[in-house]
Amino acid sequence: MNLPTFRSVAAVRGLFPAALLLAASALLTGCAGVQVDEYAGRAPLLDPRTFFDGTICADGVVRDRSGKQIRQFNARILASWEDQGNGSETGTLDEVFYFYDEPGASAVEETRVWTLTPNGSGGYHASATDVPQPTTMKHAGNSIQMAYTLRYGKPGDTIDLDMDDWMFQVADGVVINETRMSKWGIHVGQVLLVMRKVPDGYQCLSARD
């Protein structure tokens, strides 16, 4: 899933001082891009209901628009599903992240809770408190894709980032996640992580708690 990414909103804004001048050309040259259905024949099958169930550990890095690593992190996701009594289930992804901005620095804790609701077309409506408009989680073959706006920062000092979030299952219980971040059509950063399913009760964050 997507991740909070920068130390502060000011840091995000500093990544694209010339953004207003470049935005028009970036929007004019946009294209449809890759569709998740193109991966329908890929295996192992990545089913959100199956993978996002139980405890998941995640580890990764955040890179700026030049490709430089600016943060590293460890995360824990507690995933569960609740029967709604009408033949469908609602999923909850309770995420806790520990970010490390500099070598030897103390962890910065950030959280997010996603809610997944079946949309009747084989995918899910996905919502979170810092995602202003719910998005659609699409999946096919070994892949999951979501595109949405993340409102990052504290109340009164936020910035909206466009997130293009892709997940690929490369082995049973192991998923690679790449999220490209942009603003006004301009690439500003990237999140790379690996998610792996672990037994319930496993302490994903214990090494640096």
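This is a predicted model: local features need pLDDT of at least 70, side-chain atom pairs count only at pLDDT 80 or more; totals for chains, interfaces and linings use all residues.

Reader: Which peptide bond is cis?

Author: The bond that joins Ala43 and Pro44 is cis, with omega at about 5 degrees. Pro44 belongs to the loop between helix H2 (19-28) and helix H3 (48-51).

Reader: How many helices and strands does the protein have, and in what pattern do they follow one another?

Author: The protein has three helices and 10 strands. Along the sequence, the pattern reads α-α-α-β-β-β-β-β-β-β-β-β-β.

Reader: Is Glu95 buried or exposed?

Author: Glu95 is buried, because its relative accessible area is 0% and the limit for a buried residue is under 20%. For the protein as a whole, 43% of its 209 residues count as buried.

Reader: Which residues touch the most other members of the largest nonpolar core?

Author: The general idea of such a core is a set of buried nonpolar residues joined through their side chains. The largest one here has 37 residues, and Phe52, Trp114 and Met195 touch the most other members. Strand E2 (residues 69-83) gives the most to this core, namely six residues. A second, separate core has seven residues, including Val96, Tyr98, Cys204 and Leu205.

Reader: Cys204 is named in that second core. To which residue does a disulfide join Cys204?

Author: The partner of Cys204 is Cys57, with a sulfur-to-sulfur distance of 1.9 Å. A search of the whole structure finds one disulfide. The link of Cys57 and Cys204 is left-handed, with -80 degrees about the S-S bond. Cys57 lies in strand E1 (residues 54-64) and Cys204 in the segment after strand E10 (186-198), so the pair ties together parts that are 147 residues apart in sequence. Both Cys57 and Cys204 are buried.

Reader: How many aromatic pairs does the structure hold, and how is the pair of Phe97 and Phe99 arranged?

Author: The structure holds eight aromatic pairs. To name the arrangement of a pair, one looks at the angle between the ring planes, for which 30 and 60 degrees are the dividing values. Phe97 and Phe99 are 5.9 Å apart, centre to centre, with 40 degrees between the planes; this pair is therefore tilted. Phe97 is buried, with a relative accessible area of 2%, and Phe99 is buried at 0% relative accessibility. Elsewhere, Tyr39, Trp166 and Phe168 form one aromatic cluster.

Reader: Which charged end sits over the ring of Phe99?

Author: The charged end of Arg71 does so, 4.1 Å from the centre of the ring.

Reader: With which side chain does the side chain of Thr90 make a polar contact?

Author: The side chain of Thr90 makes a polar contact with the side chain of Gln84, at 3.3 Å. Thr90 lies in strand E3 (residues 89-100), whereas Gln84 is placed in the loop between E2 and E3. Thr90 counts as buried at 15% relative accessibility, while Gln84 is partly exposed, with a relative accessible area of 41%. The side chain of Gln84 also reaches the backbone oxygen of Glu82, at 3.1 Å.

Reader: Which residues do Thr90 and Gln84 touch, leaving aside those up to four places away in sequence?

Author: Among the residues that Thr90 touches are Ser80, Trp81, Thr115, Leu116 and Thr117. Gln84 is in contact with Glu89 and Thr90.

Key
Residues are numbered from 1 along each chain as its sequence is written. Side-chain values use heavy atoms; hydrogens and water are left out. A nonpolar core is a set of buried Ala, Val, Leu, Ile, Met, Phe, Trp, Tyr and Cys residues joined through side-chain atoms within 4.5 Å. Buried means under 20% relative accessible area, exposed over 50%, partly exposed in between (1.4 Å probe, protein chains only). Helices (H or I, at least four residues) and strands (E, at least two) are DSSP runs, numbered from the N terminus. A disulfide is a pair of cysteine sulfur atoms within 2.5 Å. Rings of Phe, Tyr and Trp (its six-membered ring) pair if their centres lie within 6.5 Å; planes under 30 degrees apart count as stacked, over 60 as edge-to-face and the rest as tilted. A charge sits over a ring if NZ of Lys or CZ of Arg is within 6 Å of the ring centre and within 35 degrees of the ring normal. A polar contact is a pair of N or O atoms within 3.5 Å; within protein, one must be able to donate a hydrogen and the other to accept it, and residues adjacent in sequence count only if both atoms are side-chain atoms. Contact means heavy atoms within 4.5 Å.
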